[in-house]
Amino acid sequence: KDEPDVTEEPVATEEPVATEEPVATEEPVATEEPVATEEPVATEEPVVVTTPSELSDNLFDFQVSVDGVVYQFPMWYKEFEALGWTYDDDPSYKLMANEFVSAEVWKKDGMEVYTKLANLTINGATLDNCIVGGINFEEYNMKDSTAEVMLPGGIVYGVSTKDDIIAAYGEPTDVYEGSSYTKLSYEYDTYQEVTLYVNLENGLL
């Protein structure tokens with residue numbers, strides 16, 4: 001496994017997570033990177049997923065719904081895993097204090113996502129005792145999935161348009177016009193942002 005990236009300051013979460021942006025293709029649906037404040041603690045107790053039951057209307061609550069299940073970022077590795085995701089690498093890999101790795105692949109029901117995993121403690125920690133700081137949904141990795149991915153305010157992957165996004169969230173912090181997509185960035189604070197890509201060919205998120 002490659003050596004992890006090292007931040008010069010603690011990774012603070014979106015997204016939940018998110019800083020240098022996670023490695024992504026040109027058309028990710030969303031990258032969320034919020035701030036995490038707790039310190040991972042290894043435990044053998046059963047994992048209890050504490051995500052909210054209903055999706056917020058506030059983009060900066062750093063939530064996303066996948067087939068009706070609400071994910072709240074940042075969240076613990078074991079909470080994310082308990083929602084049915086399989087990590088595509090070695091969870092025993094160790095991060096030093098305040099280190100993170102980007103573009104970590106998870107799979108579930110024909111879908112792949114990228115996440116950023118971070119160790120915000122003062123000691124080393126294995127990946128399975130770290131936080132999932134943010135998530136990336138990309139068009140290529142979603143092609144074999146029928147999952148509904150919904151952001152706060154009812155913005156839906158593959159359905160919502162640029163106008164829908166701006167109507168729900170207001171004017172973005174930054175807009176980038178690429179050759180095949182329009183990138184809308186909504187920044188809340190350092191390491192806390194949501195990035196949305198609208199495909200120019202079909203006009204959809």
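Two strands are taken as paired if DSSP finds at least two bridges between them. In this predicted model, β14 and strand β15 (residues 181-189) meet that condition, with four bridges between them. The two run antiparallel. Within this pair, Val-175 has Leu-184 in β15 as its bridge partner. A hairpin of three residues connects β14 to β15.

The pairing continues on to strand β16 (residues 192-199). Eight bridges join β15 to β16, again in the antiparallel sense. Tyr-181 stands opposite Asn-199 in β16. Two residues lie between the strands in the hairpin of β15 and β16. There, Tyr-191 takes a positive phi near 65°.

The protein chain as a whole contains three helices and 16 strands. Of its 205 residues, 50% count as buried. The accessible surface of the chain comes to about 9700 Å². Carbon and sulfur atoms account for 45% of that surface.

The average pLDDT is 83, and 75% of the residues score at least 70. Strand β14 (residues 174-177) has the highest confidence, at 98. Strand β1 (residues 5-6) has the lowest, at a mean of 47. The pLDDT is below 50 over residues 5-26, a stretch that has 106 contacts in the model beyond near neighbours in sequence. Residues 35-50 also fall below 50, with 33 contacts counted in that way. Where pLDDT is low, the predicted coordinates should not be read in detail.

A further set of four strands forms an open sheet in the order β4-β3-β12-β13. Its pairing is antiparallel. Strands β4 (69-72) and β13 (155-156) stand at the edges, each with a single partner strand, so one side of each has no neighbour in the sheet. Inside the sheet, β3 (residues 63-66) and β12 (residues 149-151) pair over two bridges. Ser-65 stands opposite Met-150 in β12.

The largest nonpolar core has 39 residues. Tyr-71, Phe-80, Phe-137 and Ile-165 touch the most other members. Leaving aside residues up to four places away in sequence, Phe-80 touches Tyr-71, Phe-73, Met-75, Trp-85, Trp-106, Val-113, Thr-115, Val-132 and Ile-135. In soluble globular proteins, nonpolar side chains tend to be buried together.

Pro-74 is found in the loop between β4 and β5 (75-76).

Asn-98 has a phi near 60° and lies in the loop between β7 (94-95) and β8 (99-108). At 24% relative accessibility, Asn-98 is partly exposed. Ala-103 has a positive phi of about 55° although it is not a glycine. Its place is in strand β8. Most residues other than glycine have a negative phi, and most peptide bonds are trans.

Thr-121 lies in the loop between β9 (111-119) and β10 (125-126). Its relative accessible area is 8%, and Thr-121 therefore counts as buried, the cut-off being under 20%. The side chain of Thr-121 makes a polar contact with the side chain of Asn-119, at 2.7 Å. A polar atom of the Thr-121 side chain also lies 2.6 Å from the backbone oxygen of Asn-123.

Technical notes: Residues numbered from 1 in each chain as written. Predicted model: local features only at pLDDT ≥ 70, side-chain atom pairs only at ≥ 80, totals over all residues. Heavy atoms only, no water. Core = buried A, V, L, I, M, F, W, Y, C linked by side-chain atoms within 4.5 Å. Buried < 20%, exposed > 50% of the residue type's maximum accessible area, 1.4 Å probe, protein only. Contact = heavy atoms within 4.5 Å. pLDDT = per-residue confidence, 0-100. Polar contact = N/O pair within 3.5 Å; in protein donor to acceptor, adjacent residues only side chain to side chain. Areas by Shrake-Rupley, 256 points an atom, 1.4 Å probe, with all protein chains shown as cover.
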